[in-house]
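Please read this report with the sequence and the model side by side.

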Amino acid sequence: AYEIPLRIVGSEMCIRDRWKGSAIAMSRLISFVVPVYNEEKSLEILYDKILENMPDEYETEIIFVNDGSTDQSATVIKEIIAKDKRVHLISFRKNFGKAMALESGFRNAHGTIVITMDADLQDDPVEIPNFIAKIDEGYDLVSGWKEKRQDPLEKRLPSKLFNKVTAKLSGVQLHDFNCGYKAYRKEVIDAIDVYGELHRYIPVLAHRKGFRIAEISVHHNKRQFGKSKYGFERYLRGLFDSLTVAFLGKYYDRPMHLFGRGGLLCGLAGGIICIYLLVLKLMGNAIGGRPLLVLGVLLLVLGVQMFSTGFIGDMIVDATYRRRYDESHIKEKI
């Protein structure tokens, strides 16, 4: 077993990794990454159900990421580890959020397939063979769809709106971006970084890299223990992150295509206004006190600024690509 406490040094997040035990054959290994926050009553049940539904031909690795729980979740996980060395624990010093929990689990998973699920038993482990079968069809990421979601109406309605907006902005046609029940090939999680609230947009990030994405309907259970850790504010944060993902998806490596268009429109509009006012001035009209003059000059300045932002963005992208060549977009090399 291993434990990875997180500590903050300035703005750096440092992870100490201590492995104990022998290496596992990776070719048929399934890794489970399970974020945990105050779910002490459900952990033992979830562990039993995962093993009960695992196909016999696969090895199992279960990584519980204790995201600063204030109950006995860590103690329960350590008790499971004491009897099963396939189970591991990553403990944070405080609550960092689901994105950081997933990122830490991803960086320490060794399976060729990685399955993420919540620890509250609402994600039914009976679906595990269905996820694996869909991956075996050739897909790189399989996302769950809680078609009959067992949550209150005040959670379902905002979630439906959020999913529709995200699908429209991203171009990825999934019904349920919020579902944490997903399966990935290892190369997918190696190719993306998850931070902030971007755990909801992993399919969008994977789609941008060219990975094949599928969706399956999954059974969703009612919560048995504890209470939901999310409120309405997560949808507000999600809205801002959806704009970030939409920008990254279209203009990450070509910022001039966004800022250049805005600069061109502003510059043209400002130029037309200023030419019109110049003609009036040559005809003997006073233009010094006209608000239209201020607008024309403002648009010209704004156009120059947007072009400059686009140029600077292109320079940053060029420097980034020259410093770190990334081959995550390549499917095959012969």
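Two strands count as paired if DSSP finds at least two bridges between them. Strand β4 (residues 59-66) and strand β5 meet that test in this predicted model. They pair in the parallel sense, over 5 bridges. Within the pair, Val-65 stands opposite Ile-90 in β5.

**Confidence**

How far does the predictor trust its own model? The chain averages a pLDDT of 81. Of the residues, 77% score at least 70. Among the elements, strand β6 (residues 113-116) has the highest mean pLDDT, at 96. Strand β2 (residues 12-15) has the lowest, at 37. Over residues 1-24, pLDDT stays under 50. The model still has 59 contacts beyond four places in sequence for residues 1-24. Where pLDDT is low, the predicted coordinates should not be read in detail.

How many residues of strand β5 (residues 87-91) are buried? The count is 5 of the 5, so β5 is largely enclosed by the rest of the structure. Both of its faces are covered. Val-87, Leu-89 and Ser-91 are buried on one side. His-88 and Ile-90 are buried on the other. Ile-90 is also the residue opposite Val-65.

**Helix α3**

Helix α3 (residues 98-108) has 9 buried residues out of 11, so this helix too is largely enclosed by the rest of the structure. The buried set includes Lys-98 and Glu-103. Ala-99, Ala-101, Leu-102 and Phe-106 are also among them.

**Helix α9 and Gly-263**

Gly-263 lies in helix α9 (residues 256-282). Which residues does Gly-263 contact, leaving aside its neighbours within four places in sequence? They are Gly-303, Met-306 and Phe-307. Gly-263 and Gly-303 are 40 residues apart along the chain. Their C-alpha atoms are separated by 3.8 Å.

Buried means under 20% relative accessible area, and exposed means over 50%. The table applies those cut-offs.

| Residue | Relative accessible area | Class |
|---|---|---|
| Gly-263 | 2% | Gly-263: buried |
| Cys-266 | 15% | Cys-266: buried |
| Cys-274 | 21% | Cys-274: partly exposed |

Cys-266 counts as buried because 15% is under the 20% cut-off. Cys-274, at 21%, is partly exposed. How many disulfides does the structure hold? The number is 0.

Conventions:
Residues numbered from 1 in each chain as written. Predicted model: local features only at pLDDT ≥ 70, side-chain atom pairs only at ≥ 80, totals over all residues. Heavy atoms only, no water. Disulfide = S-S within 2.5 Å. Buried < 20%, exposed > 50% of the residue type's maximum accessible area, 1.4 Å probe, protein only. pLDDT = per-residue confidence, 0-100. Helix = DSSP H or I, 4+ residues; strand = E, 2+ residues; numbered from the N terminus. Contact = heavy atoms within 4.5 Å.
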